[in-house]
2 protein chains.
Amino acid sequence: LPEVCGKEIPSRSKFVGKRLCQREPGHNGVCVEFPFLREFNLQHPAVADKIKRDSIMTTGAAWKSADAGPNRILRWVMLMPDDELKQLGIDMANLKPQVQAKLRDKAASYDACMAVAKKLTWLAYQMPDAPEPGDELKKYLESDFGVMHAGSTKCIVCRLPVSFRLFELAVRGKAAIETGHSNPRAHNPENVGFVHRECNIAQGNKSLDEFYHWIKDIVRRIGD
Amino acid sequence: LPEVCGKEIPSRSKFVGKRLCQREPGHNGVCVEFPFLREFNLQHPAVADKIKRDSIMTTGAAWKSADAGPNRILRWVMLMPDDELKQLGIDMANLKPQVQAKLRDKAASYDACMAVAKKLTWLAYQMPDAPEPGDELKKYLESDFGVMHAGSTKCIVCRLPVSFRLFELAVRGKAAIETGHSNPRAHNPENVGFVHRECNIAQGNKSLDEFYHWIKDIVRRIGD
């Protein structure tokens, strides 16, 4: 992971834990948690919000918290043991076993979440029809994840390009682009990418390896 | 369609329309709507109920009726024009366009629903681990859909056998076997079959042809 300023950013939420400035050490001006999202914040705030949300929040648990809103809780909170969670008002033992397992599956460290947000930002700028990042931002993103190629970002499931414009397209209130995981049980930069909503649904709980084996076997059975 | 007794079976529900005896013309004894489910009714009532429900009810609309229970309404009711539905207390114009479309997509005639129920029964008896039908029932089912081969019923999506025992298996309250459609917008015997729940989810709104094209293209792109 790159060196960062690391000063704590104040927050009022009891669920949050420490959230840290990700700007370079010794930077001028205010501390910022997602400095690499500053341009999206201005030009495409919905995209910036989505990248933040998908990076740091769990999804889909049938469970609400005052902090996280429906179905969402910070991923690193889910790393805490049951007794500490109970002190925060989260009684894991009272949740159904499958909900507990789902929440624990989505757990990730704060640093991993920050790295995921940065990776997703790097990928978003490489989507067809994406805006160009400023020179400084481009250098910053490339220093972690390598040289960017405009228009090269593909759905990690179907391997077709995913257009930046799809971020604006919601069908029945559901976004057309989602954040996917090669292995649905690991939240880290190597393992995340953008996916079409339908591709994500088709992948389900399978890893990509499992999914590809599954469809290859079907193609073999249908026999042409 | 085969000749049936066709006498009306009395019902108290205003949503039901005419429901007819499906026994042979001139039969002895009481009229029965699903005579081919009599053995399942006794030995595997949950399977009989599932076949009835999947054959005659729509699914998945975000809409409730006193008659149909949550998310369910009789498929042939959805053939009625909006003004007649309104007289029944169903105000289609007040439903979201996508809910309207979904309900209309699931519409099917009463006769088609009865034929689907019979086809599903014929398929269920041919699942691996299924009980054997009585001689008379077997003849009755085979007269419509052809000779039965024990253990031959496969998931219409992945083409692997679906065991009768999966009817008993529910994960997170969801059945492991569902009724699938080669074309999700046509409810008739040629177009229905049993599917694994995960296969049904992966197929989504695609026809099977579309789904197979989709996975073949992915397999080609991943290139091995």
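Guide: A residue counts as buried when its relative accessible area is under 20%, as exposed when over 50%, and as partly exposed in between. This is a predicted model, and in chain A 46% of the 224 residues count as buried.

Visitor: How many helices and strands are there in chain A?

Guide: Chain A has eight helices and six strands. Along the sequence their pattern reads α-α-β-β-α-α-α-α-β-β-β-β-α-α.

Visitor: Where is Q87(A), and is Q87(A) buried or exposed?

Guide: Q87(A) belongs to helix α3 of chain A, residues 82-87. The cut-off for exposed is over 50%. Q87(A) has a relative accessible area of 69%, so it is exposed.

Visitor: Which residue other than glycine has a phi near 65 degrees, a positive value?

Guide: That residue is R159(A), whose positive phi is near 65 degrees. R159(A) lies in a loop of chain A, between α6 and β3 (170-171). With a relative accessible area of 33%, R159(A) is partly exposed.

Visitor: What is the phi of D129(B), and where is D129(B) found?

Guide: D129(B) is not a glycine, yet its phi is positive, at about 70 degrees. In chain B, D129(B) is found in the loop that runs between α5 (110-124) and α6 (135-145). Partly exposed lies between the two cut-offs, 20% and 50%. D129(B) has a relative accessible area of 45%, so it is partly exposed.

Visitor: What rotation superposes chain A on chain B?

Guide: A rotation of 180 degrees does, with 0.0 Å of shift along its axis and an RMSD of 0.0 Å. The two copies are therefore related as by a two-fold rotation axis.

Visitor: Which residue of chain A comes closest to the rotation axis?

Guide: A202(A) comes closest of the residues of chain A, with its C-alpha at 1.9 Å from the rotation axis.

Terms used
Residues are numbered from 1 along each chain as its sequence is written. Chains are lettered from A and ligands numbered from 1 in the order in which they are written. This is a predicted model: local features need pLDDT of at least 70, side-chain atom pairs count only at pLDDT 80 or more; totals for chains, interfaces and linings use all residues. Side-chain values use heavy atoms; hydrogens and water are left out. Copies are superposed by least squares on the C-alpha atoms of residues with pLDDT of at least 70 in both. Helices (H or I, at least four residues) and strands (E, at least two) are DSSP runs, numbered from the N terminus. Buried means under 20% relative accessible area, exposed over 50%, partly exposed in between (1.4 Å probe, protein chains only).
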